[in-house]
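Welcome! Here is a short tour of one protein model, taken topic by topic. Have the sequence and the 3D view ready as you read.

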Amino acid sequence: MRAVIVAIGVAFLVSLFTTPLAIKVFTRLKAGQPIRAEGPVMHQGKKGTPTMGGVVFIIATVVAYVAGHLALTTLPSQQIAQVQPTITALVLLGLMVFSGAVGFIDDFLKVRKRNSAGLNKRGKLLGQILVGAVFGVIALYFPSTNGQTVGATTLSFIRDIDALEIGKIASVVIFIFVVMASTNGVNLTDGLDGLATGASVMVLAAYALIAFWQYRHWCADPDYNIRPSIYCYEVRDPLEIALIAGAAAGACVGFLWWNTSPARIFMGDTGALGLGGLIAGMAMSTRTVLLLPIIGGLFVIITMSVVIQIISFRTTGKRVFRMSPLQHHFELAGWSEVNIVVRFWIIAGIGVAIALGLFYSDFLAAVT
């Protein structure tokens with residue numbers, strides 16, 4: 001628990017105090033956010049706001065991960081052995097860093113070209129597929145000494161569903177799909193000051209709670225031997241997962257101080273894709289893949305608004321929404337930006353609460 005708390009605190013402080021420095025640096029480099037001409041007219045006032053701020057909380061998360069491990073040096077050697085840097089950390093932090101790198105290329109091209117085009121859709125999708133494939137293979141083909149892998153060869157909801165065995169190759173394909181869905185979902189949600197950041201804090205905090213609960217009821221823990229076959233969790237390195245999720249949540253809170261309306265810096269695709277990649281990894285590593293659409297309910301709703309808009313326009317020539325993603329529809333309907341963000345945060349919180357309720361109810365059903 002101490003390591004998780006230290007990681008959260010360090011990530012928050014690093015992000016809070018280095019974001020102003022990033023604002024100055026990106027402003028001096030003229031790394032301002034280009035605004036789409038076809039977007040809401042009220043967004044034109046945001047033109048020139050520094051972007052690529054996601055670099056800050058990605059770095060803060062990595063630094064906090066290291067700090068969290070340093071906090072473990074006073075533990076007994078047998079406990080330290082359970083939480084040394086692992087393949088799980090490589091997968092989760094790798095997904096965050098390299099998904100963020102794809103977004104960074106997109107942001108860099110936008111800034112360099114002085115328009116909102118950036119990396120073309122094919123290039124971005126190929127980058128997401130490559131990142132998902134590389135870390136999907138690592139997650140499925142590199143077991144620990146007890147044979148446990150980061151990802152599972154079965155589909156999962158609250159835990160692995162043994163009846164839905166799909167094999168390693170199909171699991172890697174699912175891994176890629178989840179990475180693509182999550183990164184694009186967060187990216188589409190990012191569009192109003194603080195919206196994606198605040199929603200991500202809730203989702204990551206939920207995964208921190210889930211992973212820590214799994215750590216406290218971990219099948220691989222030799223000290224946890226009370227009816228383990230009934231209600232222990234077959235996951236790999238749950239404390240690592242909790243530490244990284246907590247660190248990322250803390251880093252996002254520190255960033256949100258400067259990103260909330262009116263934003264002094266945007267996370268850009270660097271941050272949106274980085275967070276999306278990490279959230280995808282959280283779902284795979286905690287064996288809660290089918291729970292992800294509920295935990296990240298806001299991301300799903302916003303993504304579906306884009307899908308519905310495209311299908312409707314291409315088949316009927318009519319638009320369902322005034323503009324997609326959904327948050328822009330409400331802007332054009334006259335809602336203030338702050339009202340939209342706060343109400344969408346409430347929706348995100350409801351999804352998280354329902355998901356945590358389902359997770360805990362499964363545990364209660366198993367022990368009663």
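R343 lies over the face of W335, at 4.7 Å from the ring centre; a charge sits over a ring if NZ of Lys or CZ of Arg is within 6 Å of the ring centre and within 35 degrees of the ring normal. This is a predicted model, in which local features need pLDDT of at least 70 and side-chain atom pairs count only at pLDDT 80 or more, while totals for chains, interfaces and linings use all residues. Residues are numbered from 1 along each chain as its sequence is written, and side-chain values use heavy atoms, with hydrogens and water left out.

**Aromatic rings**

- A pair of aromatic rings is described by the distance of the centres and the angle of the planes.
- Rings of Phe, Tyr and Trp (its six-membered ring) pair if their centres lie within 6.5 Å; planes under 30 degrees apart are stacked, those over 60 edge-to-face, and the rest tilted.
- By this rule there are ten aromatic pairs.
- How are the rings of W213 and Y360 arranged? Their centres are 5.6 Å apart and their planes stand at 80 degrees, so the pair is edge-to-face.
- This pair links distant parts of the chain, 147 residues apart: W213 is in helix 7 (residues 195–216) and Y360 in helix 14 (residues 337–367). Helices here are DSSP runs (H or I, at least four residues), numbered from the N terminus.
- W213 is partly exposed, at 27% relative accessible area, and Y360 is partly exposed too, at 39%. Buried means under 20%, exposed over 50%, and partly exposed in between (1.4 Å probe, protein chains only).
- Y360 also pairs with F363, and this pair is stacked, with 6.0 Å from centre to centre and 20 degrees between the planes.
- Both Y360 and F363 belong to helix 14, three residues apart, which is about one turn of the helix. F363 is buried, with a relative accessibility of 8%.
- Elsewhere, ring pairs join F212, Y215 and W218 into a cluster.

**A buried serine**

- Is S285 buried or exposed? S285 is buried, with a relative accessible area of 1%, and its place is in helix 10 (residues 268–285).
- A polar atom of the S285 side chain lies 2.8 Å from the backbone oxygen of G281, and one lies 3.4 Å from the backbone oxygen of M282.
- Leaving out residues up to four places away in sequence, S285 touches L92, V150, V235 and I241; contact means heavy atoms within 4.5 Å.

**Nonpolar neighbours**

- The largest nonpolar core has 98 residues, and F57, Y207 and I295 have the most contacts inside it. Such a core is a set of buried Ala, Val, Leu, Ile, Met, Phe, Trp, Tyr and Cys residues joined through side-chain atoms within 4.5 Å.
- Beyond its neighbours within four places in sequence, I295 is in contact with several residues, including V203, Y207, I210 and V352.
- I138, in helix 5 (residues 121–141), is buried at 15% relative accessible area.
- Which residues does I138 touch, not counting those up to four places away in sequence? They are I87, L90 and V91.
- I138 and I87 are 51 residues apart in sequence, and their C-alpha atoms are 7.8 Å apart in space.

Methods. Helix = DSSP H or I, 4+ residues; strand = E, 2+ residues; numbered from the N terminus. Polar contact = N/O pair within 3.5 Å; in protein donor to acceptor, adjacent residues only side chain to side chain.
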